[in-house]
Amino acid sequence: MDIDFWLERWDRGETGFHQQHINPYLGYYYGELGPPPEKRAGFRVFVPLCGKSRDLWWLQQSGYDVVGVEFSELAVEQFVAGEPLDFKKTDRNGHDSYKTDRLEILVADFFDLQEQDIGNITDIYDRASLIALPVDMRRRYVEKITALQPPGTRTLLITLTYPDREMEGPPFSVTEEEVKDLYSGDYRIEKLAAKNVLEDEPRFKQRGLTSLTETAYKLTRIR
Ligand SMILES: C[S@@+](CC[C@H](N)C(=O)[O-])C[C@H]1O[C@@H](n2cnc3c(N)ncnc32)[C@H](O)[C@@H]1O
């Protein structure tokens, strides 16, 4: 799966993954269970493969410092046009960057990023990023994201799991075993919640799924 696949999806408006609502796990773990609002500016949340997710806006409005990366400039332009924030387009280390108070979105290939592009991150929010990639790219993704974060960084990872043979991704099914395999060694892995979401996702039911589980993990880089 290459970048052109995603660029074509954005061109054709095939963005069924985009959600109008704020992700409930994000709202819970970074809202109610998060640090007190006055301390949040000390937390810098990296959002890889961010699309035009409204979660970027929620994190910024909730007081966090946020940096996202998205390859499709169309996606970023749609985000910028859709939120009542004043963005400036600049250049950051050769990448186009859309920046406003406490929120920056880089237009870049995630696999080309360097640590200095995203700054001193403390947290990562991965919704529909790992699961957007086929199995052979997921290990590369984890190697790259590990290289971009210092020890101590926390990740809120949200996956989907379904019977593989029933649907062709994306989104791809990622099991708990695979999460443990991909992240073991460098991370402490905590399973936070798992929920059957098939009834909430009619588009996947129509594609033939008989079960669909959404799982949230907290990953902490320990070395
Ligand atoms: C399934 S969407 C998820 C978007 C977002 N996380 C959300 O929750 O709405 C995956 C996004 O990753 C972007 N993408 C795919 N490969 C990428 C790469 N190598 N670098 C940057 N963005 C990429 C696609 O353009 C697409 O917007």
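# Close-up views of a predicted model

**View 1. The largest nonpolar core.** The largest nonpolar core holds 35 residues, and those with the most contacts inside it are Phe46, Phe110, Leu113, Tyr141 and Tyr183. Two or more residues come from each of β2 (65–70), α6 (135–147), β7 (154–161), α7 (176–183) and β9 (213–221). The top contributor is α6, which gives 4 residues. Please keep in mind that this is a predicted model. A second, separate core has 24 residues, among them Tyr30, Leu56, Ile105 and Ile158.

**View 2. The whole chain, for orientation.** Before going further into detail, here is the overall picture. The protein chain is built with 8 helices and 9 strands. Its radius of gyration is 17 Å, close to the 17 Å that the globule rule gives for 223 residues, so the chain is as compact as a globular protein of that length. The C-alpha atoms fill a box of roughly 45 × 40 × 30 Å along the principal axes. Of the 223 residues, 50% count as buried. Among contacts with a separation of 6 or more, 69% join residues 24 or more positions apart. The chain exposes about 10700 Å², and carbon and sulfur atoms supply 48% of that area.

View 3. Which residues are the closest to the ligand? Of the 16 residues that surround the ligand, the closest are Leu49, Glu70, Asp109, Phe110 and Arg127. Phe110 is also one of the residues with the most contacts inside the largest nonpolar core. A backbone N or O atom of Phe71 lies 3.1 Å from a nitrogen atom of the ligand. In the side chain of Asp109, an N or O atom is 2.9 Å from a ligand nitrogen atom. Arg127 places a polar side-chain atom 2.7 Å from an oxygen atom of the ligand. The ligand has 600 Å² of accessible area on its own, and the protein covers 96% of it.

**View 4. Helix α2 and what covers it.** Helix α2 spans residues 24–32, and its buried residues are Tyr25, Leu26, Tyr29, Tyr30 and Gly31. An α-helix has 3.6 residues a turn, so residues three or four places apart point the same way. The cover over the buried residues of α2 includes β1 (44–47), α3, β6 (123–127), β7, β8 and β9. At the start of the helix, a side-chain oxygen of Asn23 reaches to within 2.9 Å of the backbone nitrogen of Tyr25. Tyr30 also belongs to the second core.

**View 5. Helix α3 from end to end.** Asp55, Leu56, Trp58, Leu59 and Gln60 are the buried residues of α3, which covers residues 54–61. Ser53 caps the N-terminal end, with a side-chain oxygen 3.1 Å from the backbone nitrogen of Asp55. After the helix comes Gly63, whose phi is positive, near 105°.

View 6. Is Leu103 buried or exposed? Leu103 is buried, with a relative accessible area of 1%, and lies in strand β5 (residues 103–107). Not counting residues up to four places away in sequence, Leu103 touches Leu56, Gln60, Val66, Phe79, Leu85, Phe87 and Tyr98. Arg102 is found in the loop between β4 (95–100) and β5. Although Arg102 is not a glycine, its phi is positive, about 65°. Arg102 is partly exposed, with a relative accessible area of 29%.

View 7. The loop between β7 and α7 contains Pro170 and Pro171. The peptide bond from Gly169 to Pro170 is cis, with omega near 0°, and the bond from Pro170 to Pro171 is cis too, with omega near 0°. In the loop between β6 and α6 sits Ala128, which has a positive phi of about 65° although it is not a glycine. The relative accessible area of Ala128 is 23%, and Ala128 is partly exposed. Glu201 is in the loop between β8 (187–196) and α8 (202–206). Glu201 is buried, with a relative accessible area of 17%, and it touches Gln19 and Leu212, not counting residues up to four places away in sequence.

Technical notes
Residues are numbered from 1 along each chain as its sequence is written. This is a predicted model: local features need pLDDT of at least 70, side-chain atom pairs count only at pLDDT 80 or more; totals for chains, interfaces and linings use all residues. Side-chain values use heavy atoms; hydrogens and water are left out. A nonpolar core is a set of buried Ala, Val, Leu, Ile, Met, Phe, Trp, Tyr and Cys residues joined through side-chain atoms within 4.5 Å. Buried means under 20% relative accessible area, exposed over 50%, partly exposed in between (1.4 Å probe, protein chains only). A polar contact is a pair of N or O atoms within 3.5 Å; within protein, one must be able to donate a hydrogen and the other to accept it, and residues adjacent in sequence count only if both atoms are side-chain atoms. The radius of gyration is taken over C-alpha atoms; the globule rule is 2.2 Å times the number of residues to the power 0.38. Contact means heavy atoms within 4.5 Å. Accessible areas come from the Shrake-Rupley method with a 1.4 Å probe; for residues, only the protein chains shown count as cover. A residue is near a molecule or strand if one of its heavy atoms lies within 4 Å of it.
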